[in-house]
Amino acid sequence: MKADNRKVPKRIAQTVLNSLKGGVVPRIGLPYIAVGRKNEIEALLHDVDIIAEGGASFRFIVGRYGSGKSFLLQTIRNYVMDRGFIVADADLSPERRLHGTRGQGLATYRELIGNLSTKTKPEGGALTLVLDRWISSVQAEAAGETGLEPGDPALTKAVDQKIYTVTSAVSELVHGFEFARLLSLYYHAYLDGDDETKARVTRWFRGEYTLKREAKEELGVNILITDDDWYDYLKLFAVFFRMAGYTGMILLIDELVNLYKIPNAVTRQYNYEKLLTMYNDALQGKARYLGILMGATPQAIEDKRRGVYSYEALRSRLAEGRFSRPGARDLLAPVIRLEPLTPEEMLVLCEKLSDMHAGLYGYEGKTGTGELAAFIRLEYSRIGADQNITPREVIRDFIELLDLMYQNPSMDIRALLESENFSFAESQAVSDQTDKNYAEFTL
């Protein structure tokens, strides 16, 4: 995952810097700015090995806003796609939950399926590509084994048998019979060049049918993906993807704080009950080739009144033991709590960003180690910075500083850092973050 900052393509550098300045994690270029989190990444990659062997895993990535949760999730996303995994990601919101009475759970499923990504299609929307690739690979495999030419009835029979092997394995799982029937229907539509039927099957897999009658008339199936059972279909997909030649499936679900913010206590409990089902499935071996990573804030997990810990069955499973403490966390536990990046790590990150900025705009870098150290020292010396400062704030400030220096070549960086305006802005940012944390905790 190492990269040379001096050779970052300009397209990637532009995306990375613009994303970070806007407070969001870029989808590309992460290896160029990866700093710290070595132990956390190693723990998650151990899970990846288990999933590839037919197991399952479930982890919570916990940290405050801007602490690096999304960055870590995206780093793992890029790594596992290189390993042949299919990745599906979604952010929870008031309209997307794990359970709902008005389609909120199904909306999460639709988002995940819509964002299916592979190494060759990392931007999402890979479902049709995966289905077509599966059929093509089965045909090629059958032709190689039999030596028969395309169009030979004997080859078609051999391919049918291989397709049947996959659909039979899937049909043994919960809801697997109809799922397998639709896979077979898609296969025959592929052979016949029937794009309309292929589109209908894909629409069903995406959870877009709302009436059983419509599905029955168009596809001959009398079942729909619903709020109650959408997760069962993700387990089916994980097994199917493995049989289709992929390593497994990873689900990345961020913004778990939106469950914490649900005002109705009963609705929250239903969502936590769904969360418990997913957690138990992964740890008890009821899911295969499936990994689930969820991003959450500390309050969303630990608040015993509204958070995940308000559901006793989850609290008893997830609460830290007596020996884990800051600086010595158990990274094999279900909950990975992100420690703040050290000033030294932030200094390294700023060096990478400085080199990237200079390469993008074609100038000789002006920020030496002394200036970078002065910037980091000033950022971490603010009142409350030890508890409230986050990588997002530091990075955003630093890129703004680089932009100003580039646009104003005569500006002296040390003079700018020592100015009263900069000091006031930094103090105000820390104060605002403190107020935000307090408001969230007392919500």
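Start at I12, which sits in helix α1, residues 10-21. The model is a predicted one. I12 has a relative accessible area of 12%. Buried means under 20%, so I12 counts as buried. Which residues does I12 touch, leaving out those up to four places away in sequence? They are I28, G29 and Y32. Take Y32 from that list. Y32 and I12 are 20 residues apart along the chain, and their C-alpha atoms are separated by 9.5 Å.

Now move to the sheet. Five strands form an open sheet. Their order is β2-β3-β4-β1-β5, and the pairing is parallel. Which strands are at the edges? They are β2 and β5, and each pairs on one side only. Strand β5 covers residues 335-337. From one strand to the next, the twist averages 15°.

Strands β2 and β3 pair in the parallel sense, and six bridges link them. Here D91 stands opposite D254 in β3. The next step goes from β3 to β4. Five bridges join these two strands, which run parallel. L252 has L293 of β4 as its bridge partner.

Look next at how covered the strands are. Are the residues of β3 buried or exposed? Six of its six residues are buried. M249, L251 and I253 point one way from β3. I250, L252 and D254 point the other way. Strand β1 is mostly covered as well, with seven of its seven residues buried. A56, F58, F60 and V62 point one way from β1. S57, R59 and I61 point the other way.

Helix α3 lies across β1, β2, β3 and β4. It runs at about 165° to β3. Helix α12, residues 265-284, also packs on the sheet. What does α12 touch there? It touches β1, β3 and β4. Its direction makes about 130° with that of β1.

Stay with α12 for a moment. T267 lies in this helix. T267 counts as partly exposed because its relative accessibility is 23%, and the partly exposed class runs between the buried limit of 20% and the exposed limit of 50%. Leaving out residues up to four places away in sequence, T267 touches R97 and I262. T267 and T101 are 166 residues apart along the chain. The C-alpha atoms of these two are separated by 8.9 Å.

Compare another threonine. T108 lies in helix α4, residues 104-114. Is T108 buried or exposed? T108 is buried, because its relative accessible area is 0%. Its contacts, setting aside neighbours within four places in sequence, are A90, L92, R96, R97 and W230. R97 is on this list, and R97 is also touched by T267.

Finally, turn to the empty space. Rolling a probe the size of a water molecule over the atoms shows where empty space is left. The largest pocket holds about 740 Å³ of space. How many residues line this pocket? There are 36. V25, K69, S70, F71 and R392 lie nearest its centre. Several elements give two or more residues to the lining: α3, β2, β3, β4 and α18. Which of them gives the most? It is α3, with six residues. This is the helix that lies across β1, β2, β3 and β4.

Key: Residues are numbered from 1 along each chain as its sequence is written. This is a predicted model: local features need pLDDT of at least 70, side-chain atom pairs count only at pLDDT 80 or more; totals for chains, interfaces and linings use all residues. Side-chain values use heavy atoms; hydrogens and water are left out. On a 1 Å grid over the protein atoms alone, a cavity is a set of points where a 1.4 Å probe fits but cannot get out, and a pocket is an open set with protein on both sides within 12 Å along at least five of seven lines; lining residues have an atom within 4 Å of a point. Grid points are joined across faces, edges and corners, and a volume is the space filled by probe spheres set on the points. Helices (H or I, at least four residues) and strands (E, at least two) are DSSP runs, numbered from the N terminus. Two strands pair if DSSP finds at least two bridges between them. Axes are lines fitted to C-alpha atoms, for helices over the stretch in contact, and angles run from 0 to 180 degrees between N-to-C directions. Contact means heavy atoms within 4.5 Å. Buried means under 20% relative accessible area, exposed over 50%, partly exposed in between (1.4 Å probe, protein chains only).
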